[in-house]
Amino acid sequence: MKDAFGLPQSLLVLGGTSEIALATVRRLVARRTRTVWLAGRPSPALDGAAGQLRDAGAEVRTVAFDALDPESHEEALGKVFAEGDIDLVLLAFGVLGDQAHDEREPLNAVRVAQTNYTGAVSAGLVAARSLQAQGHGSLVVLSSVAGERARRANFIYGSSKAGLDAFAQGLGDALHGTGVHVMVVRPGFVRSRMTEGMEEAPLATTPEAVATAIELGLRRRSETVWVPGALRVVMSALRHLPRTVFRRLPV
């Protein structure tokens, strides 16, 4: 069960090598969390992440999980929930893709959409059902400000995040009053392996800053978290710009 501050004692990360997810887990382990499940494709990176969290004092287990194999999601997540209640599920998997390349290779674009949206719909629904069955818990979904308005520079990724964001909001409405809390996190440009070598956008942030915002959001039982917070105002303005004006912006 969560502690008096709304922080989890047990959690499951879907996307167990995500830098944002691992920064969040480290922060929560330093507070209260003791049981951690890392779900992802078996790899040295997943094993390494588990080892680092064990060194930090957590009891860590891994489970094979592939966002692109929805038919396996019930079995994979079922193994975790069969071992005991999970206070927090952090849905953190996703791929950025290569916009210019993916426009020329539609199957690559489909892979981005299937990972970021289709896989998340499947895993999110399975996790939500399990949380609802136990009567409590939070589902934190890592979205992106890119989903607020698709930009020419990354509309494939942005559209997949727009779908994910809408899905997560709707799921939160569906679960309202059940004891299950859904929180959507919308970071801006995050300095990480995923964005390495890319030109940094204004108001760039770090995995650690996103982790801090997630912890605060859990304490407050927020439904939407922007990182940094100033992006809420910025994106509201961009979202309402006339399309002819928006097209001319260097974004």
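View 1. The model is predicted: local features need pLDDT of at least 70, side-chain atom pairs count only at pLDDT 80 or more, and totals for chains, interfaces and linings use all residues. Residues are numbered from 1 along each chain as its sequence is written, and side-chain values use heavy atoms, with hydrogens and water left out.

**View 2. The aromatic pair.** Rings of Phe, Tyr and Trp (its six-membered ring) pair if their centres lie within 6.5 Å; planes under 30 degrees apart count as stacked, over 60 as edge-to-face and the rest as tilted. This rule gives 1 aromatic pair. F65 and F93 form this tilted pair, with 5.6 Å centre to centre and 45° between the planes. F65 lies in the loop between β3 (59-64) and α3 (73-81), and F93 in the loop between β4 (88-91) and α4 (99-104), so the pair ties together parts 28 residues apart in sequence. Helices (H or I, at least four residues) and strands (E, at least two) are DSSP runs, numbered from the N terminus.

**View 3. The sheet.** An open sheet of 7 strands runs in the order β3-β2-β1-β4-β5-β6-β7, with parallel pairing; two strands pair if DSSP finds at least two bridges between them. β3 and β7 (224-227) stand at the edges with a single partner strand each, so one side of each has no neighbour in the sheet.

**View 4. Strands β1 and β4.** Parallel strands β1 (residues 10-14) and β4 are joined by 4 bridges. V13 has L90 in β4 as its bridge partner.
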